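Reader: I would like to learn how to read a few features of a protein model, taking them one at a time. Could we begin with the exposure of side chains and then move on to rings and helices?

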Amino acid sequence: MTMTVGDRQRDIGILKAMGATPRAIGKIFTLKGLGVGLTGVVFGNAIGYLLCWSQQTFEWIKLPGQIYIIQALPVKMLAIDFAYISLASVGLCFVFALLPARKAASLAPVVALRE
């Protein structure tokens with residue numbers, strides 16, 4: 001998000017010159033950060049579920065029988081685990097989108113258009 005704000009300084013300056021409020025600019029970048037986070041959570045959950053299901057079904061990761069009682073790495077999937085991790089991930093994306101959004105909202109239109 002920081003790189004996006006840096007790349008879009010001129011666009012932010014134009015929006016501010018046209019009358020966009022700092023709150024509206026901040027909201028745009030915060031929502032973009034949340035969108036990126038949600039996309040990552042959806043794909044991450046799908047990949048994680050497929051890998052866990054694959055291990056449960058096919059037991060790809062074997063363990064030496066002479067050392068361990070079990071023959072393969074056990075996997076137990078719980079929906080609540082997926083929910084907690086997803087919530088924490090989206091929360092972190094939101095928190096870390098706030099700083100660049102505030103920077104974008106505080107840009108002066110004249111300075112942004114000059115660069």
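Author: Let us start with the cut-offs for exposure: a residue is called buried under 20% relative accessible area, exposed over 50%, and partly exposed in between. Please keep in mind throughout that this is a predicted model.

Reader: With those cut-offs, how do W53, F58 and W60 count?

Author: W53 has a relative accessibility of 39%, so W53 counts as partly exposed, and F58, with a relative accessible area of 46%, is partly exposed as well. W60, at 59% relative accessibility, counts as exposed, because that value is over 50%.

Reader: How should I read a pair of aromatic rings?

Author: The general idea is that such a pair is described by the distance of the centres and the angle of the planes. In this model the count comes to two aromatic pairs. In one of them, the ring centres of W53 and F58 lie 5.8 Å apart with the planes at 90°, so this pair is edge-to-face. For F58 and W60 the centres are 5.5 Å apart and the planes stand at 50°, so that pair is tilted. Taken together, W53, F58 and W60 form one aromatic cluster.

Reader: And how does one describe two packed helices?

Author: Two packed helices are described by the angle between their axes and the distance between the axes. Here helix 3, residues 22-58, packs against helix 4, residues 79-106, at an angle of about 155°, and their axes are 8 Å apart. Because angles over 145 degrees count as roughly antiparallel, helix 3 is roughly antiparallel to helix 4. The crossing in which helix 3 passes helix 4 is right-handed.

Reader: How do the residues of the contact of helix 3 with helix 4 divide into nonpolar, polar and charged?

Author: The residues of that contact comprise 16 nonpolar and eight polar ones, with no charged residue among them.

Terms used: Residues numbered from 1 in each chain as written. Predicted model: local features only at pLDDT ≥ 70, side-chain atom pairs only at ≥ 80, totals over all residues. Heavy atoms only, no water. Axes fitted to C-alpha atoms, helices over the stretch in contact; angles between N-to-C directions. Helix = DSSP H or I, 4+ residues; strand = E, 2+ residues; numbered from the N terminus. Parallel < 35°, antiparallel > 145°, perpendicular 65-115°, else oblique. Left-handed = near helix turned anticlockwise from the far one by under 90°. Nonpolar A, V, L, I, M, F, W, Y, C, P; charged D, E, K, R; others polar. Phe/Tyr/Trp six-rings, centres within 6.5 Å; stacked < 30°, edge-to-face > 60°. Buried < 20%, exposed > 50% of the residue type's maximum accessible area, 1.4 Å probe, protein only.
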